[in-house]
Amino acid sequence: MRLMNEVKIDKIIRSKRKTIALIVSADAMVVVRAPFRTPLRYIEKLVFQKRFWVAKKKKQALRNGVPVNAKKFVDGEEFLYLGEKYKLKIENCEDVKLADYLYFPETYLSNGQTKMIEWYRQKALEKITERVNLYNQISGWKFKSISITCANKRWGSCSPNGMLNFSWRLIMAPIAAIDYVAVHELAHIPEKNHSSRFWNKVRAIFPDYKNQRKWLRENGSSLSI
Ligand SMILES: [Zn+2]
């Protein structure tokens, strides 16, 4: 069947799994995960049936381009969480789970980056809320709300009426760097500028602020997936 050749399968990964999954990776590779004994012809037929979906996904991937450090979502790949590296383990689990490894559901693989960002966002909200509350108790600076953003170049911001925003990427940084950003944004509640009065307030609550600011400048670009 000549038509079968129209869709090139880049990789077939066989395992103990019971179902077949078809994935187009961020670098536009067609990957099939299949049970050990699935005949090749069966896989080819399935991919052929899905050829329009595959073509669309490949086009999208190529258009988006492969970001620097783009994750491939393969076993052993390293992901940052609170400054520590965790190896990815793809499993038949319900949701992303952090323990000795970072367990990642096989069913999420067709949408790996989005699913991982969702998880990071949730963790960022929990951890940053905890830290902001802690420094709020120490400082007494009253904020209105906390939101998590997708900001790329801004770690945090503070609106004129005290709404605090933080990038989900911060959850990949060590806790001291998160604390610095939390205190920085809280300090904008009494001081809406970067005057020496502002920095004096930051220093009073978080004396190590200079080192953490430097850490973020030097390492911030690695906080991406
Ligand atoms: Zn600022």
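## Ground rules

Because this is a predicted model, local features need pLDDT of at least 70 and side-chain atom pairs count only at pLDDT 80 or more, while totals for chains, interfaces and linings use all residues. Residues are numbered from 1 along each chain as its sequence is written, and side-chain values use heavy atoms, with hydrogens and water left out.

Helices (H or I, at least four residues) and strands (E, at least two) are DSSP runs, numbered from the N terminus. Two packed helices are described by the angle between their axes and the distance between the axes. Here the axes are lines fitted to C-alpha atoms, for helices over the stretch in contact, and angles run from 0 to 180 degrees between N-to-C directions.

H188 counts as buried, at 9% relative accessibility. (Buried means under 20% relative accessible area, exposed over 50%, and partly exposed in between, with a 1.4 Å probe and protein chains only.)

## Helix α4 and helix α3

Start with α3 (residues 112–139) and α4 (residues 175–187): their axes come within 9 Å and cross at roughly 55°. That makes α3 oblique to α4. The cut-offs go like this: under 35 degrees is roughly parallel, over 145 roughly antiparallel, 65 to 115 roughly perpendicular, and the rest oblique.

Who touches whom? From α3 come K127, I128, R131, V132, Y135 and N136, and they meet I175, I178, D179, A182, V183 and L186 of α4. Contact means heavy atoms within 4.5 Å. By class, this meeting has eight nonpolar, one polar and three charged residues. Ala, Val, Leu, Ile, Met, Phe, Trp, Tyr, Cys and Pro count as nonpolar, Asp, Glu, Lys and Arg as charged, and the others, Gly among them, as polar.

At what angle do α4 and α5 cross? The axes of α4 and α5 (residues 196–205) cross at roughly 135° and come within 9 Å, so the two are oblique to each other. This crossing is right-handed. On the α4 side you'll find Y180, V183, H184 and A187, and on the α5 side F198, W199, V202 and I205. Split by class, that's seven nonpolar, one polar and no charged.

With α6 (residues 209–219), the α4 axis comes within 9 Å and crosses at roughly 105°, which makes α4 roughly perpendicular to α6. Here A176, A177, Y180 and V181 of α4 meet Y209, Q212, R213, W215 and L216 of α6. The tally is seven nonpolar, one polar and one charged.

## Two buried residues

A124 sits in helix α3 and counts as buried, at 0% relative accessibility. Leaving out residues up to four places away in sequence, A124 touches T129, I148, W168 and I171.

Beyond its neighbours within four places in sequence, its contacts include I13, F73 and E106.

Methods
Left-handed = near helix turned anticlockwise from the far one by under 90°.
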